[in-house]
Amino acid sequence: MTAADWGLLMVAATAAGWVDAVVGGGGLILLPAILLVAPQLSQQAALATNKVTAVFGTGAAVVTFARKVALDWKILAPAAVFAAVASAAGAAAVSLIDRDLFVPIIMVVLVGVAILVTARPTIGTVAASRPPMTRKIVVVVFLAAGGFGFYDGILGPGTGTFFIIAFATMLGTEFVRSAAMAKVLNLGSNLGALTFFAVTGHVLWQLGAAMAVCNVVGAVVGSRMAIARGAGFVRVVLLVVVLGMVVRLGWQQFG
């Protein structure tokens, strides 16, 4: 790759880290960039190398959020482990499932998310007046960890966004707290998928490490902005990213 190619990937990694820290979906920025610059890579190699970058960026976002947002680690830590196992299982199942079937389904879900957030502007911007029972939190968090973790391993785009929407709608948490919780579980799912890809020899470590540095910078800046500007800012970015994902997936499927 040329110096210009490396520069493009570093910029894309920084932007992906910022978006991923705020609302998730950074993979839709970085993965196309990797495939554009290095079209000779297999899909598995591109996904695997992106996971190296995502692990460090997500980890940086978790540390940044944890300093400002109180998190229930007794629930989130084991749920992150569960997400890792589910994600590894998803990565292992990639060759067994027709991935083309997933894209239209995900597009419909994303359009539904955009409509829901637009029609109900209080979602994620105002905390629930009555906190949910611990049992409900455990059920929602673990169901999300298993379902979205598996999805992260087998396909991936928008995993963090789905976590955020699930927590905001089902638990009534604000977007900033939802984003913090999502980063913990997304870190687990990223680690699970990366472990599988590493064992199977698909990771380009040098490229992944270089992009990881830029991704961490973007993730720290993004998480700090989310904390400082609050739920309203996250809501706007969420809508923009969701619509962007719909367009990107639509182009991938039908373009």
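**View 1. T161 and the residues around it.** Leaving aside residues up to four places away in sequence, T161 touches V23, G24, G25, L238, V242 and M245, where contact means heavy atoms within 4.5 Å. T161 and L238 are 77 residues apart in sequence, yet their C-alpha atoms are 7.6 Å apart in space. T161 sits in helix α7 (residues 159–170); helices (H or I, at least four residues) are DSSP runs, numbered from the N terminus. Is T161 buried or exposed? T161 is buried, because its relative accessible area is 1%; buried means under 20%, exposed over 50% and partly exposed in between, using a 1.4 Å probe and protein chains only.

A word on the model before we move on: this is a predicted model, in which local features need pLDDT of at least 70, side-chain atom pairs count only at pLDDT 80 or more, and totals for chains, interfaces and linings use all residues. Residues are numbered from 1 along each chain as its sequence is written, and side-chain values use heavy atoms, with hydrogens and water left out.

**View 2. F82 and F142, an aromatic pair.** Rings of Phe, Tyr and Trp (its six-membered ring) pair if their centres lie within 6.5 Å; planes under 30 degrees apart count as stacked, over 60 as edge-to-face and the rest as tilted. By this rule there are 7 aromatic pairs. One of them joins F82 and F142, which are tilted, with 6.0 Å from centre to centre and 35° between the planes. This pair links distant parts of the chain: F82 belongs to helix α4 (residues 73–92) and F142 to helix α6 (residues 134–154), 60 residues apart. F82 is partly exposed, at 39% relative accessibility, and F142 is partly exposed too, at 26%.

**View 3. F163 and F167 in helix α7.** The ring centres of F163 and F167 are 6.1 Å apart and their planes meet at 20°, so this pair is stacked. Both residues lie in helix α7, 4 residues apart, or about one turn of the helix. F163 and F167 are both buried. Together with F148, Y151 and F162, they form one aromatic cluster.

**View 4. R229 over the ring of F233.** Here R229 lies over the face of F233, 5.3 Å from the ring centre. A charge sits over a ring if NZ of Lys or CZ of Arg is within 6 Å of the ring centre and within 35 degrees of the ring normal.

Conventions: Helix = DSSP H or I, 4+ residues; strand = E, 2+ residues; numbered from the N terminus.
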